[in-house]
Amino acid sequence: MVVMLVFLGVVGVIALKLIFSSIFLTGSAPTPAGDGLLPARGDIVDRNGVPLARTIMAWSIGLHPNKLVNDPMEVAQKLNRLMPEHSVSEYFAMLRSKKNFIYLRRRATPELVAQANAIGEPAIALAQEPERLYPQTYLAAHVLGWTDIDGRGVFGMEKVLNNRLLDPDKRGTPVQLSIDARVQAALEDELGAAKDKFTAAAASGLVMDVRTGEVLAMVSLPNFNPNDPGATDIGNLKNNMTQSVYELGSTFKAITLANAIESGVIKSMAQKYDATAPLQVGRFKIHDEEPAGRWLDIPEMFTKSSNIVTARIADELGQQRETAMFDKLGFNHAPEIELTGKVKPLWPRYWGRTTTMTVGFGHGIAVTPLNLAIAYCALTNGGIYRPATLYKVGPEHPLNSGRRVISESTSARMRQLLRLVVLPSAGGTGKKADVPGFRLGGKTGTAEKAADGGYNKKLNVSTFAGVFPMDDPKYMVMMTLDGPHATADTYGWTTAAWVVGPAMGRMISRIGPLLGVIPDERHDVDESELLPLIWKPGPAKTLTGAAAAKHDKD
């Protein structure tokens, strides 16, 4: 009877304590028990909820040398058979060391844990602990970054979001990025195929919403696996979109034209400029890769990518108006995006008349690919500059209001001109990227690669910056190959028209339907005002092979 009464008393005390806790100890601060139900670090997902980074409970295998019971040599031999990354002598040294604890394997498989447990040695420690997992492996690695051994972000969005992902009040809710895993995979695939085909040293690419600044895909190659960043070459960890600067060549001609139209230097699309011969400026000579030998109007100079005419227009603009436009487009600082470790564009040290002319066609100034991508969004979206963002725009991350850099009318004119470059009937340098129905517009750019204070005349940086559908701009796509090499089907050329153009076309056809852009050949930019201005030669012998390739190069 006494034992029974004691037992009932203990149960009663426990019951009363539970009731008291449920009534009086509830509040906003999580209890240790409640906190244990949350992940140690919050998840990161793409814009559609696809997991990109999450924390799992993973097995680890370690050693407590001071708890060793069995013969160290025998245990060392058994460990070597299970985990051959260390030799028997190394395991023996670990077991004989004075350390309190040594990790042998983190994120071990359950099968390996069972085999290690079967050794029957008390010094072998088996435990489950939180581990950061990137289930899509290489996908968006440079965007996500990785965490250190203690679970803290050291690179990419893992670093940017570190406090948010560790906050007990918020870490139960995933952070949603602007990245679309489907578009990211397509860009990695197409860019990687182009890089491999032309044996380029590196590559970078981007898909961006021109209206919001959201980055749907960002690729830098070579890539790495964030599940094991220490296993890759340190150079592969560099994000070429934000941490490399390039002279991006003729893609700058769109900026020069927009500036000239906005400032009144260009008053009419029929305005003509002398391109009959190379332009001599002091001891320098500016020439076109495919000389026109005549005067060119604005649509002609842009579709033919004339350096001579662009230099003349930049000369009329002058340094002050040229640098003012670069300032407006953010070329005076590192690209605006949440990632850290960004680099600033490299401006010329001396900005004289010749510099003003050459910078007009992208020679002598180096920017990150992301700097240029943001600028192209502003040129085509109605004239509003907005920073790039890796957050999905919504209640938590509202749309940035941006700032106006060019008028709506100038932006509309640029959409016409950029579409002409890709429109097959206009014969522009970007026609190999055209996909019927998607109304792509853009600009090719090829520049000699900077090296040792000069230029490597055998290597180019080849870029295509495009927007589609150009009659209702939605998405900006950019692809850059660093140091591509020619193949038989490019007839020796490594210009953007040949090495990037076809890849751009394949990319648009893949991601267009994913993004809700359905091919429609009934609608397009109205080019009725500009097409008559493009001179058409009379009947001539059809160019084939290398001759056609020379005619088509950027």
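**Figure 1. The whole chain.** Buried residues make up 51% of the 554 residues in the chain, which is shown here as a predicted model. The chain has 19 helices and 18 strands, and its C-alpha trace spans about 115 × 60 × 45 Å along the principal axes. Among the contacts with a separation of 6 or more, 72% are accounted for by residues 24 or more positions apart. The chain exposes about 25000 Å², and carbon and sulfur atoms supply 56% of that area.

Figure 2. The structure holds 12 aromatic pairs. In the pair formed by Phe 101 and Tyr 103, the ring centres are 5.0 Å apart and the planes stand at 85°, which is over the 60 degrees required, so the pair counts as edge-to-face. Phe 101 has 34% relative accessibility and therefore counts as partly exposed, and Tyr 103, with 34% relative accessibility, also counts as partly exposed. The ring of Tyr 103 has a charged neighbour as well, for Arg 106 lies over its face at 4.3 Å from the ring centre.

**Figure 3. Close-up of Phe 468, Pro 469 and Tyr 475.** The rings of Phe 468 and Tyr 475 have their centres 6.0 Å apart, and their planes are at 40°, so this pair is tilted. Both Phe 468 and Tyr 475 are buried. The peptide bond from Phe 468 to Pro 469 is cis, with omega near -20°, and Pro 469 has its place in the loop between strand 17 (454-468) and strand 18 (475-482).

**Figure 4. Further aromatic residues.** One aromatic cluster is formed by Phe 252, Phe 326, Phe 331, Trp 347 and Trp 351. In another view, the charged end of Lys 432 sits over the ring of Trp 498, 4.0 Å from the centre of that ring.

**Figure 5. Close-up of Gln 176 and the residues it touches.** Gln 176 is found in strand 7 (residues 175-176), and its relative accessible area of 32% lies between the limits of 20% and 50%, so the residue is partly exposed. When residues up to four places away in sequence are not counted, Gln 176 touches Val 45, Asp 46, Arg 47, Asn 48, Gly 49, Tyr 391 and Lys 392. Gln 176 and Ala 118, by contrast, are 58 residues apart in sequence and 43 Å apart in space, C-alpha to C-alpha.

**Figure 6. Close-up of the peptide bond between Leu 221 and Pro 222.** Most residues other than glycine have a negative phi, and most peptide bonds are trans. A cis peptide bond, however, joins Leu 221 and Pro 222, with omega at about 5°. Pro 222 is found in the loop between strand 9 (215-221) and helix 10 (240-243).

Figure 7. Although Ser 305 is not a glycine, it has a positive phi of about 55°, and it lies in the loop between helix 12 (298-303) and helix 13 (307-328). The relative accessible area of Ser 305 is 8%, which is under 20%, so Ser 305 is buried. Arg 439, which is not a glycine either, has a positive phi of about 55° and is found in the loop between helix 16 (408-422) and strand 16 (441-451). With a relative accessible area of 9%, Arg 439 is buried.

Technical notes
Residues are numbered from 1 along each chain as its sequence is written. This is a predicted model: local features need pLDDT of at least 70, side-chain atom pairs count only at pLDDT 80 or more; totals for chains, interfaces and linings use all residues. Side-chain values use heavy atoms; hydrogens and water are left out. Helices (H or I, at least four residues) and strands (E, at least two) are DSSP runs, numbered from the N terminus. Buried means under 20% relative accessible area, exposed over 50%, partly exposed in between (1.4 Å probe, protein chains only). Contact means heavy atoms within 4.5 Å. Accessible areas come from the Shrake-Rupley method with a 1.4 Å probe; for residues, only the protein chains shown count as cover. Rings of Phe, Tyr and Trp (its six-membered ring) pair if their centres lie within 6.5 Å; planes under 30 degrees apart count as stacked, over 60 as edge-to-face and the rest as tilted. A charge sits over a ring if NZ of Lys or CZ of Arg is within 6 Å of the ring centre and within 35 degrees of the ring normal.
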